[in-house]
Amino acid sequence: MSWNEPGGDKKDPWSGRGDQKGPPDLDEVIRSWQEKLGGIFGGGRGGGEGSSGGPIKGLGLLAAGAVVLWGLTGFYIVDAGNQGVETRFGKYTITTQPGLNWHFPAPIEQVEIINVKQQRYIEVGYRSAGSEQALGSVPKEALMLTKDENIVDVRLAVQYQVKDAKQFLFNVANPVATLKQATESAERGVIGSSKMDFVLTEGRSEIVAQIKKEIQDIMDSYQSGIQVTSVNLQDAQPPEQVQNAFEDAIKAREDQQRLINEAEAYSNDVVPKARGAAARKIQEAEGYKEQVIARAEGEVNRFSKLLAEYKKAPEVTRQRLYLEAMESVLNESNTVVVDVKGGNNVLYLPIDKMTQQPSSDLQPHVPQSAVEQPERATTMEQPALRSSTRGRDARGR
């Protein structure tokens, strides 16, 4: 007998009571859910006079709950370094800053988060390994004409960030593509006004600065909300077809510069020495000039004073001049002639050899008469032996 038939035990198999165990009755489950929903909307079994307001009240509660849940979906968080751009039915309303914010949920309002601190970059004239194209040059973007009608291969990397989220989203349809086209335009304009040697050698930093300025001016005129932070010149070289010839020309230019530097170094070493030597010679000549002039003036003064004395005593002055002249001439001679008064012989003393021996060895060779009665000693250069007559004749003359 079933539990719900008349006379049964009335035990619900889903209530866990009773000892009957078996699968649940599907009809009973559906009926149970119908009763619960009817209770919510006021459609229970024992409905009375106030049962007509039950469905309206239930619908109100469901609507209120749905509105609350819908409103809760409007909360969002903007992380640091980001900005939120809110739009109402597609029209811009406000830009929110980092933190917890709320807006009318969709479909009334929508919000888009923009990272304004992220460093983004584009590649012009080449592609790196992570790009869709293969690593290397992109001739369509890289090759351009210079002022002197030469072709160069230029590759740029432009770094930028968003400075205004509203302008970045609404003012330009595709800001990245616009930035790339502006970069190519500015690059070709600057390269076209410069010569090839200037682009490849000393003009790199100046060219990069000009390109950056022109790109920023173009993007500001579009009000794109993009700030160009840096422009890096990755490479600038001639086309591959003339690369070898250009490298030879560069090597020749470097050799020329090296030889010029060596010549300048040699010139800087030799010229100062030559100038110093010339200045030294000039100073020596000036010194010699002053010396000669001073000596001549001194001789003139001496002669003038001597002339006055000579006029006073001619003989005495003449004799004194003779003795002084002989003394100056024979001052460096090592020969000593000793004349003994009243004697007929002239004694020769080899002073140059005697000075090389001890003084004790010289004493026996000196006569006592020459030591006690010297009359006059005169220094002369003459042979080792002389006769007394010849010596007297020489003195007499």
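These are my notebook entries on a predicted model of one protein chain.

**Ground rules**

I number residues from 1 along each chain as its sequence is written. Because this model is predicted, I take local features only at pLDDT of at least 70 and side-chain atom pairs only at pLDDT 80 or more, while totals for chains, interfaces and linings use all residues, and side-chain values use heavy atoms, without hydrogens or water.

**Confidence**

I looked up pLDDT, the predictor's confidence in each residue, from 0 to 100. The protein chain averages 77, and 69% of the residues score at least 70. Residues 16-20 fall below 50, and this stretch has 4 contacts in the model beyond near neighbours in sequence. Contact here means heavy atoms within 4.5 Å. Residues 44-52 are also below 50, with 3 such contacts. Where pLDDT is low, the predicted coordinates should not be read in detail.

**Overview**

I found 13 helices and 14 strands in the protein chain. Helices (H or I, at least four residues) and strands (E, at least two) are DSSP runs, numbered from the N terminus. Of the 397 residues, 23% are buried. Buried means under 20% relative accessible area, exposed over 50%, and partly exposed in between (1.4 Å probe, protein chains only). Among contacts with a separation of 6 or more, 61% join residues 24 or more positions apart.

**The largest nonpolar core**

Which residues touch the most other members of this core? I noted Leu-179, Ile-215 and Val-231, out of 33 residues. A nonpolar core is a set of buried Ala, Val, Leu, Ile, Met, Phe, Trp, Tyr and Cys residues joined through side-chain atoms within 4.5 Å. Elements giving two or more residues to this core include strand E10 (151-162), helix H5 (175-192), helix H7 (204-221) and strand E11 (226-237). E10 gives the largest share, 6 residues. Setting aside residues up to four places away in sequence, I see Val-231 touching Leu-156, Ala-157, Val-158, Val-208, Ile-211, Lys-212 and Ile-215.

H7 has 18 residues and reaches 26 Å from first C-alpha to last, close to the expected 26 Å at 1.5 Å a residue. The expected span is 1.5 Å times one less than the number of residues. In H7, I list Ile-207, Val-208, Ile-211, Ile-215, Gln-216 and Met-219 as buried. Seen down the axis, the buried residues of H7 fall within an arc of 160°, so they line one face of the helix. The arc is taken from the directions from the helix axis to the C-beta atoms. What covers these residues includes E10, H5, H6 and E11. The face turned away carries the exposed residues Lys-213 and Ser-221.

**Single residues**

Asn-101 sits in strand E4 (residues 99-102). Is Asn-101 buried or exposed? It is buried, at 18% relative accessible area. Its side chain reaches the backbone oxygen of Gly-99 at 3.0 Å.

Next I checked the loops. Phe-89 lies between strand E2 (82-88) and strand E3 (91-96). Phe-89 has a positive phi of about 55° although it is not a glycine. At 65% relative accessibility, Phe-89 counts as exposed. Gln-223 lies in the loop between H7 and E11, with a positive phi near 55°. Gln-223 is partly exposed, at 46%.

Last, a cis peptide bond joins Ala-106 and Pro-107, with omega about 10°.

Key
A polar contact is a pair of N or O atoms within 3.5 Å; within protein, one must be able to donate a hydrogen and the other to accept it, and residues adjacent in sequence count only if both atoms are side-chain atoms.
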